[in-house]
Every structure is written in C-alpha cells, then in structure tokens.
Amino acid sequence: MESVDWQEFSNDIIEQLIEDGSNTEAMYGIEHHFVAENNEIADKAQQEAFLKGWDVSELEQVETEDGLLVFCFDIDTECPLDEVIINEEVEEMVAYAEANNLEYDGWGTHFEE
C-alpha cells in the first residue's frame with residue numbers, strides 16, 4: 001500500500017473548494033472513508049467507532065477492480081473548512097484505522113454555497 005501524505009491531500013481539497021468559491025464560513029459535512037478486508041474486521045471497527053460516539057454509516061460490500069470483495073463504511077463528522085481542524089481529524093481517523101486493521105481511504109465533502 002502506498003504512503004499518502006494526508007496533510008497535503010487535505011490541504012489540496014480545501015484549497016480547491018476555496019478556489020471554486022465554496023463558502024469558507026459554512027460548516028462542512030466530512031465523510032471519512034474506511035475499507036476492511038472482511039466483514040468481521042469491519043463490524044468490530046464500526047462498533048468501536050459507535051462507542052466513541054461517532055456517526056457511522058451502514059456497511060457496504062464492494063468489489064474492487066481486482067475482483068476482491070471488501071467492506072466499506074464512513075464516519076461522518078461536521079467542522080469548518082479549516083486546515084488545522086481537518087488535519088487533526090484526519091490524524092485521529094488514520095490512528096483509528098491503524099488500530100482497527102482498516103485502510104483509511106481519505107475523506108470528502110460537498111461544495112457549500
């Protein structure tokens with residue numbers, strides 16, 4: 001698995017949203033994406049996230065380009081479009097993924113008027 005500079009990844013997303021005219025004063029719904037190799041790992045990780053009080057999406061089974069079945073879910077948060085806050089959140093999510101045998105697959109959000 002390739003190493004990702006999550007701070008650069010996050011800063012690029014934030015910069016692009018601002019360049020596109022997204023509202024810097026709005027609160028943004030952030031979807032942190034996770035992938036597990038099997039249902040048991042995903043289920044255990046979801047329970048852990050729920051116990052932390054996080055908003056966890058339903059588990060989805062997805063077929064990769066290689067034909068492998070993986071299990072995916074999101075943790076949804078809300079925060080301002082602030083590099084420091086989002087990067088701290090990403091660090092927490094990466095640590096959570098590592099502790100729960102998940103792959104952190106980045107985050108996304110929507111343009112805000």
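This is a predicted model: local features need pLDDT of at least 70, side-chain atom pairs count only at pLDDT 80 or more; totals for chains, interfaces and linings use all residues.

Q: OK, so is Cys-79 buried or exposed?
A: Cys-79 has a relative accessible area of 3%, so it is buried.

Q: And Cys-72, buried or exposed?
A: Cys-72 has 19% relative accessibility, and because the cut-off is under 20%, it counts as buried.

Q: How many disulfides does the structure hold?
A: Zero disulfides.

Q: Which residues of α2 are buried?
A: Ala-42, Ala-45, Gln-46 and Ala-49. They cover an arc of only 105 degrees around the axis, so they sit on the same side of α2.

Q: What's exposed on the other side of α2?
A: Glu-40, Lys-44 and Leu-51 are exposed there.

Q: And what covers the buried residues?
A: The cover for the buried residues of α2 includes strands β1 (27-36), β2 (55-56) and β4 (69-80), plus helix α3 (83-99).

Q: What happens at the start of α2?
A: A side-chain oxygen of Asn-38 comes to within 3.0 Å of the backbone nitrogen of Glu-40.

Q: And just after α2?
A: There you get Gly-53, with a positive phi of about 85 degrees.

Q: Which residue other than glycine has a positive phi?
A: Asn-101 is one, with phi near 55 degrees. For background, most residues other than glycine have a negative phi.

Q: Where is Asn-101 found?
A: In the loop between α3 and β5 (103-108). Asn-101 counts as exposed because its relative accessibility is 58%.

Q: Let's do β4. Why does Val-70 count as buried?
A: Val-70 is in strand β4, and its relative accessibility is 14%, so it falls under the 20% cut-off for buried.

Q: What does Val-70 touch?
A: Leaving out residues up to four places away in sequence, Val-70 touches Val-35, Ala-36, Glu-60, Gln-61, Val-62 and Thr-64.

Q: What about Leu-69?
A: Leu-69 is in strand β4 too. With 46% relative accessibility, Leu-69 counts as partly exposed.

Q: Which residues does Leu-69 touch?
A: With residues up to four places away in sequence left out, Leu-69 touches Glu-37, Gln-61, Val-62 and Glu-63. Leu-69 and Asn-38 are 31 residues apart in sequence, with 8.0 Å between their C-alpha atoms.

Q: One more residue: where is Ser-22?
A: Ser-22 sits in the loop between α1 (6-19) and β1. At 4% relative accessibility, Ser-22 counts as buried. Not counting residues up to four places away in sequence, it touches Leu-17, Tyr-28, Phe-111 and Glu-112.

How values were computed. Residues are numbered from 1 along each chain as its sequence is written. Side-chain values use heavy atoms; hydrogens and water are left out. Buried means under 20% relative accessible area, exposed over 50%, partly exposed in between (1.4 Å probe, protein chains only). Helices (H or I, at least four residues) and strands (E, at least two) are DSSP runs, numbered from the N terminus. The arc is that of the directions from the helix axis to the C-beta atoms. Contact means heavy atoms within 4.5 Å. A polar contact is a pair of N or O atoms within 3.5 Å; within protein, one must be able to donate a hydrogen and the other to accept it, and residues adjacent in sequence count only if both atoms are side-chain atoms. A disulfide is a pair of cysteine sulfur atoms within 2.5 Å.
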